[in-house]
Amino acid sequence: MVAVSLSKVSKNFDQTEVIRDVSIDVNQGEFCVFVGPSGCGKSTLLRLIAGLEEPTNGKIAIDGEDVTFVDPATRGIGMVFQNYALYPHMTVEENMSFGLRMNNTPKPEIEKKVSEAAKMLRLSELRKRKPASLSGGQRQRVAIGRALVKGAKVFLFDEPLSNLDAELRVEMRIEITRLHRELGATIIYVTHDQTEAMTMADKIVVLRDGHVEQKGKPLDLYNNPVNKFVAGFIGSPSMNFLKGKIIKNDLIIPSLGNLIVKKNFMLNKNISEITVGIRPHDISLKKSGKEHKIEFIENLGNVSFCHFKLQDSSNLIAESSTKLAFASQDMVGILLKEKDIYFFNNKSGARIT
Ligand SMILES: Nc1ncnc2c1ncn2[C@@H]1O[C@H](COP(=O)(O)OP(=O)(O)OP(=O)(O)O)[C@@H](O)[C@H]1O
Ligand SMILES: [Mg+2]
């Protein structure tokens with residue numbers, strides 16, 4: 001069943017259209033992640049779903065009911081922001097129960113809900129503390145607790161982990177995934193973080209300039225991006241893009257010493273230049289064939305990222321096993337496999353298959 005449905009939603013601020021014709025269905029219990037560059041409209045979309053903004057055009061439905069112009073308070077949405085927006089003068093339990101106290105929920109019911117949520121979020125010991133005396137991760141859990149206590153049907157998270165250090169991010173990532181599983185809640189989650197998007201999402205929506213470039217399962221987007229933008233956005237480090245030329249029906253890469261990557265390429269099409277995409281992981285380096293210099297190398301322990309500056313000054317990153325012990329300034333050969341290569345239209349960026 002569809003929990004949240006956006007149909008042909010647009011939003012203008014003054015004359016500027018910041019959301020353009022967006023249609024997305026988020027299923028009941030689904031973990032849906034919005035990704036895209038800064039300013040592409042992720043937060044605006046969440047605010048539209050929460051009812052903090054009204055769309056200029058289009059329709060928003062929750063559980064099949066049109067809520068486009070319905071008051072935010074009655075939409076059954078819990079929103080968790082990057083800065084948590086906790087009340088500093090209230091304790092953990094007061095913060096969590098604020099919404100219920102405002103609408104005069106009976107005390108025993110409030111206590112039951114707060115204690116359940118506190119237990120689930122491992123906040124029981126901290127109920128009498130104020131936000132200032134909590135860690136970032138604990139504050140984050142209070143903010144989630146507030147949405148839980150409200151009985152939200154849909155949780156919206158706007159970059160909730162971006163204020164936390166790396167270790168805590170991993171911990172909270174696991175925590176939120178666990179909550180999602182236990183509650184079976186519908187979650188819409190905005191992040192800049194590749195790993196969060198790939199590991200947490202059932203569905204990823206890639207946005208650019210206020211519209212949807214592609215949506216689907218994380219691995220589908222990774223393996224089958226529809227265009228150069230999605231290919232470059234999903235995956236870390238990003239896919240490499242190089243100029244490809246078609247000469248006498250063969251596709252060659254000039255910056256790799258005219259390496260032939262595909263014979264008899266697109267015989268009948270009137271295109272002579274395309275963009276070639278290859279993921280760092282799909283490039284092999286060999287010690288023989290010393291055509292290319294490793295400008296610098298990042299050793300991450302298990303893998304190394306080797307950075308190259310090619311003849312036409314384009315950049316290339318190749319992943320190699322640290323065991324191969326390459327070093328900066330080494331001269332190496334670069335090997336690509338035809339099956340790993342993606343092709344994109346030079347002008348539109350559309351994938352050519
Ligand atoms: N109230 C507003 N009035 C005018 N323009 C706005 C308003 N809110 C957002 N915008 C503009 O809408 C666009 C989308 O903003 P939004 O905050 O949704 O982006 P975002 O994808 O969340 O970016 P970030 O990743 O930086 O948080 C931006 O160009 C922003 O300047
Ligand atoms: Mg934002």
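**Entry 1: the whole chain**

I began with the surface: the accessible area of the protein chain comes to about 17,500 Å², and carbon and sulfur atoms hold 50% of it, with areas taken by the Shrake-Rupley method with a 1.4 Å probe and, for residues, only the protein chains shown counting as cover. I note that this is a predicted model, in which local features need pLDDT of at least 70 and side-chain atom pairs count only at pLDDT 80 or more, while totals for chains, interfaces and linings use all residues. Residues are numbered from 1 along each chain as its sequence is written, chains are lettered from A and ligands numbered from 1 in the order in which they are written, and side-chain values use heavy atoms, with hydrogens and water left out.

I then looked up burial, and found that 49% of the 353 residues are buried, a word that stands for under 20% relative accessible area with a 1.4 Å probe, protein chains only. The C-alpha atoms fill a box of roughly 80 × 45 × 35 Å along the principal axes, and the chain has 8 helices and 21 strands, which are DSSP runs (H or I of at least four residues for helices, E of at least two for strands) numbered from the N terminus.

**Entry 2: an open sheet**

I followed one open sheet of 4 strands, which stand in the order E2-E1-E4-E5 with antiparallel pairing; two strands pair if DSSP finds at least two bridges between them. Strand E2 (16-27) and strand E5 (65-66) are at the edges with a single partner strand each, so one side of each has no neighbour in the sheet.

I checked E1 and E2, which pair in the antiparallel sense over 8 bridges, with Lys11 having Ile19 in E2 as its bridge partner. These strands form a hairpin with 2 residues between them, and Asp14 in the turn has a positive phi of about 55°. Strand E4 (residues 57-62) pairs with E5 over 2 bridges, again antiparallel, and Ala61 stands opposite Asp66 in E5.

I also saw that helix H1 (residues 42-50) lies across strand E1 (2-13), E2 and E4, running at about 120° to E1, where axes are lines fitted to C-alpha atoms, for helices over the stretch in contact, and angles run from 0 to 180 degrees between N-to-C directions.

**Entry 3: helix H2**

I turned to helix H2 (residues 92-102), where Val92, Glu93, Asn95, Met96, Ser97 and Leu100 are buried. The buried residues of H2 pack against helix H3 (107-120) and helix H4 (136-149), contact meaning heavy atoms within 4.5 Å. After H2 comes Asn104, with a positive phi near 55°.

Methods: Buried means under 20% relative accessible area, exposed over 50%, partly exposed in between (1.4 Å probe, protein chains only).
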